[in-house]
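Reader: Could you take me through the sheet in this one, strand by strand, and what sits around it? I'd like a close look at that part.

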Amino acid sequence: MSKNKRYFIGSFWITISLIFLLAGLCTVDYHTRRIGFGNDTPIAQLISLPTGRSVLQIHILGLDLDLPLPSKAQP
């Protein structure tokens with residue numbers, strides 16, 4: 001096996017492992033909040049405001065983010 005191929009395979013497995021680690025942390029956070037604190041808010045939800053704008057709310061790992069989304073173009 002060539003040196004470049006070994007580097008690629010090693011990097012690939014490290015990346016996959018980190019993705020699974022983060023997905024596991026998010027899952028554990030959600031279920032701990034649900035069972036321990038009775039907080040059933042989803043990890044991410046899209047809320048439409050009366051003004052016509054939309055906001056993406058993210059509740060994960062102690063972060064409470066509100067990300068405004070651009071409004072749709074009017075024809």
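Author: Let's start with a facing pair: Leu46 stands opposite Leu56 in β2. This is a predicted model, where local features need pLDDT of at least 70 and side-chain atom pairs count only at pLDDT 80 or more, while totals for chains, interfaces and linings use all residues. Residues are numbered from 1 along each chain as its sequence is written, and side-chain values use heavy atoms, with hydrogens and water left out.

β1 and β2 (residues 54-60) run antiparallel over 5 bridges; strands are DSSP runs of E, at least two residues, and helices runs of H or I, at least four, numbered from the N terminus. Two strands count as paired if DSSP finds at least two bridges between them. The whole sheet is open, with 3 strands in the order β1-β2-β3 and antiparallel pairing. β1 (44-48) and β3 are at the edges with a single partner strand each, so one side of each has no neighbour in the sheet.

How confident is the predictor? On pLDDT, its per-residue confidence from 0 to 100, the protein chain averages 87, and 93% of the residues score at least 70.

Now the loops. Thr51 lies in the one between β1 and β2. Thr51 is exposed, at 67% relative accessible area (exposed is over 50%, buried under 20%, partly exposed in between, with a 1.4 Å probe and protein chains only). From Thr51 to Asp64, 13 residues apart along the chain, the C-alpha atoms are separated by 22 Å. Leu61, meanwhile, is found in the loop between β2 and β3.

Methods
pLDDT = per-residue confidence, 0-100.
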